[in-house]
Amino acid sequence: MTIAVGDSLPDVKLVKATPDGPQQVQSSEYFKGKTVALFSVPGAFTPTCSARHLPGYVDKAEELKAKGVDEIACTAVNDAFVLGAWKNANEAGDVTMLADGNGDFAEAVGLTMDGSGFGMGKRGQRYSMLIEDGVVKQLNVEAPGDFSVSSAEHMLEQM
């Protein structure tokens with residue numbers, strides 16, 4: 001079942017990419033007591049993710065924060081080392097990378113996709129969420145192959 005607006009996020013382990021290396025975090029603790037703009041990409045270094053999705057959140061970080069967002073986070077079914085390298089390659093200092101290496105978070109929120117046709121296996125869908133104290137306030141899931149409703153610009157329009 002797919003998570004919906006008003007639902008609490010499931011409590012699963014994620015791995016935060018930090019300058020000191022991977023740091024395990026529980027989603028219940030990470031999202032507790034703050035407002036987070038979370039977006040999910042099918043994979044770091046993939047074309048749309050690198051050219052449009054991540055750069056949009058980097059460019060709009062100050063506007064999101066001015067509207068009450070405490071933190072901007074990106075998740076993907078990649079390991080923390082890949083997400084850390086992607087963050088550095090894109091100078092995305094305002095974005096926290098939350099690795100979902102085994103796809104546990106994507107599965108728990110019901111937002112997986114099968115990228116086997118592209119040699120990617122099970123991945124997370126492209127989406128965005130606005131989360132307040134662990135509760136989903138906005139959920140924007142893209143249709144396969146699309147990029148519009150999960151963008152930073154769209155999230156700002158909803159706030």
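Leaving aside residues up to four places away in sequence, Y127 touches L38, F39, S40, H53, T75, F105, V109, L111, L139, N140, V141 and S150, where contact means heavy atoms within 4.5 Å. This is a predicted model, so local features need pLDDT of at least 70 and side-chain atom pairs count only at pLDDT 80 or more, while totals for chains, interfaces and linings use all residues. Residues are numbered from 1 along each chain as its sequence is written, and side-chain values use heavy atoms, with hydrogens and water left out.

- Y127 sits in strand β8; helices (H or I, at least four residues) and strands (E, at least two) are DSSP runs, numbered from the N terminus.
- Y127 counts as buried because its relative accessibility is 1%; buried is under 20% relative accessible area, exposed over 50%, and partly exposed in between (1.4 Å probe, protein chains only).
- Y127 and S40 are 87 residues apart in sequence, yet their C-alpha atoms are 5.3 Å apart in space.
- R126 is in the loop between β7 (122-124) and β8 (127-132).
- R126 is buried but has no salt bridge, and the nearest side chain of opposite charge, E142, is 5.7 Å away.
- For that, a salt bridge is a side-chain nitrogen of Lys or Arg within 4 Å of a carboxyl oxygen of Asp or Glu; Lys and Arg count as positive and Asp and Glu as negative, with His and the chain ends not counted.
- What R126 does have is a 3.0 Å polar contact between its side chain and that of H53.
- A polar contact is a pair of N or O atoms within 3.5 Å; within protein, one must be able to donate a hydrogen and the other to accept it, and residues adjacent in sequence count only if both atoms are side-chain atoms.

**Strand β4 and its partners**
- All six residues of β4 (residues 71-76) are buried.
- E71, A73 and T75 point one way from β4, with I72, C74 and A76 pointing the other way.
- β4 pairs in the parallel sense with β3 (residues 35-40) over five bridges, and S40 stands opposite T75; pairing takes at least two DSSP bridges between two strands.
- β4 also pairs in the parallel sense with β5 (residues 95-99), over five bridges, and here A73 stands opposite T96.

**Around helix α4**
- D79 caps the N-terminal end of α4, with a side-chain oxygen 2.9 Å from the backbone nitrogen of F81.
- Just after α4, E91 takes a positive phi of about 45 degrees.
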